[in-house]
Amino acid sequence: MPKAYVFTRYGGPETEALVEVDRPVAGPGQILVAVRVAGVNPIDWKLRTGYRRPTDSGEPVFPTVFGSEVSGVVEEIGADVDGLAVGDEVFGNTAGGAYAEYALLPAALTAHKPAGLSFADAATLPVAAATAYDGIRQLDLPSGATLLVTGAGGGVGAAAVQIARADGVRVLGLASEGKKDFVESLGAVHVPSGPGWTERAAAAAPDGVDAVYDLVGGEVLAEAAQLLTDRTKLVTAGAPPEVVAELGGARVARARTTAVLDAVARLVVNGGLDPHVIRRFPLDEAGEALRTVEEGHARGKVVIEVAR
């Protein structure tokens, strides 16, 4: 039987286990993929704690397979699926978990993997890079504008910096002092986080900040809003809609389409986006991979590779 890494109830790492599961069967509008690589994201451990509950499928049925983004090879096609065939190399968002030997993907959230894109890089794009892309497109900034990205050292932040830079936008990246070199390597002006950070941001942008892409929320979001004269140029993926609405901004409107996946894939192939895959773990070390992200010190993406 195929293996998957799951959590058996809400809680900490003690709820996790590598178990044998039934091989999934592709339903209408779905494909079954033999997983090559799964991406690891903060939302994965947050779901395990129960802090963030699924919003589109109700409460999970335990055991729940970790993860929501993969790359792999199509093994089976469900009914009502066009444009995909068995043997295709693909990547996308999953329906039912990613840290596994097999995963189900909605065909509408799946894209063909270009030949010039590695399985590892492809597996990192559906969550962080796609969220970053949607936010940058929502802001719709002209070349030469100045954008502040809070949480610039994280997965979404690093992608947002690079996508904005590819559009000719000047970027200020708010991150800890320990991530200074990483943020600057992305092409951003590093702004150290911590008390007084808004003054440091204002000094780095004497002509003002044109837009903010927030990935932190809380007090940082409220402080960032004060740097803007046009609050319609404030978007967040780090706070609830009602919180940012009170500040005059909006949540990132997620497109969740194959077209967005194709766009971020092209950015990687063309050199405009580096997913910065920094750690790779085999499936039987999925717990260690998750801990690397949960501790919050990763300066790039962590992935799980499934041996074939």
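Ala, Val, Leu, Ile, Met, Phe, Trp, Tyr, Cys and Pro count here as nonpolar, Asp, Glu, Lys and Arg as charged, and the others, Gly among them, as polar. With those classes, the lining of the second largest pocket has ten nonpolar, two polar and four charged residues.

A word on the model itself. It is predicted, so local features need pLDDT of at least 70 and side-chain atom pairs count only at pLDDT 80 or more, while totals for chains, interfaces and linings use all residues. Residues are numbered from 1 along each chain as its sequence is written, and side-chain values use heavy atoms, with hydrogens and water left out.

**Pocket and cavities**

On a 1 Å grid over the protein atoms alone, a cavity is a set of points where a 1.4 Å probe fits but cannot get out, whereas a pocket is an open set with protein on both sides within 12 Å along at least five of seven lines; lining residues have an atom within 4 Å of a point. Grid points are joined across faces, edges and corners, and a volume is the space filled by probe spheres set on the points.

The second largest pocket holds about 230 Å³ of space. It is lined by 16 residues, and V21, D22, P24, V65 and G96 are the closest to its centre. The elements giving two or more residues to this lining are β1 (3–7) and β7 (102–106), and β7 has the largest share, with three residues. Helices (H or I, at least four residues) and strands (E, at least two) are DSSP runs, numbered from the N terminus.

There are two cavities of 30 Å³ or more.

| Cavity | Volume | Lining by class |
|---|---|---|
| Largest | about 90 Å³ | seven nonpolar, five polar, two charged residues |

In the largest cavity, G155, A159, D274, P275 and K301 are the closest to the centre among the 14 lining residues. Helix α4 (155–166) and α3 (125–139) each give two or more residues, and α4 gives the most, with four. For the second largest cavity, α3 and α9 (258–269) each supply at least two lining residues; the lining includes N93, P126 and R254.

**Rings and charges**

Rings of Phe, Tyr and Trp (its six-membered ring) pair if their centres lie within 6.5 Å; planes under 30 degrees apart count as stacked, over 60 as edge-to-face and the rest as tilted. The whole structure has five aromatic pairs. F7 and F66 form a tilted one, 5.0 Å centre to centre with 50° between the planes. This pair links distant parts of the chain, 59 residues apart, with F7 in strand β1 and F66 in the loop between β4 (64–65) and β5 (69–77). Buried means under 20% relative accessible area, exposed over 50%, and partly exposed in between (1.4 Å probe, protein chains only). F7 is buried at 3% relative accessibility, and F66 is buried at 1%.

The ring centres of Y10 and F62 are 5.4 Å apart and their planes lie at 90°, so this pair is edge-to-face. Y10 is partly exposed at 24%, as F62 is at 34%. Ring pairs join Y5, F7, Y10, F62, F66 and Y99 into a cluster.

A charge sits over a ring if NZ of Lys or CZ of Arg is within 6 Å of the ring centre and within 35 degrees of the ring normal. R23 lies over the face of Y102, 4.8 Å from the ring centre, and the charged end of K113 sits over the ring of F119, 4.6 Å from its centre.
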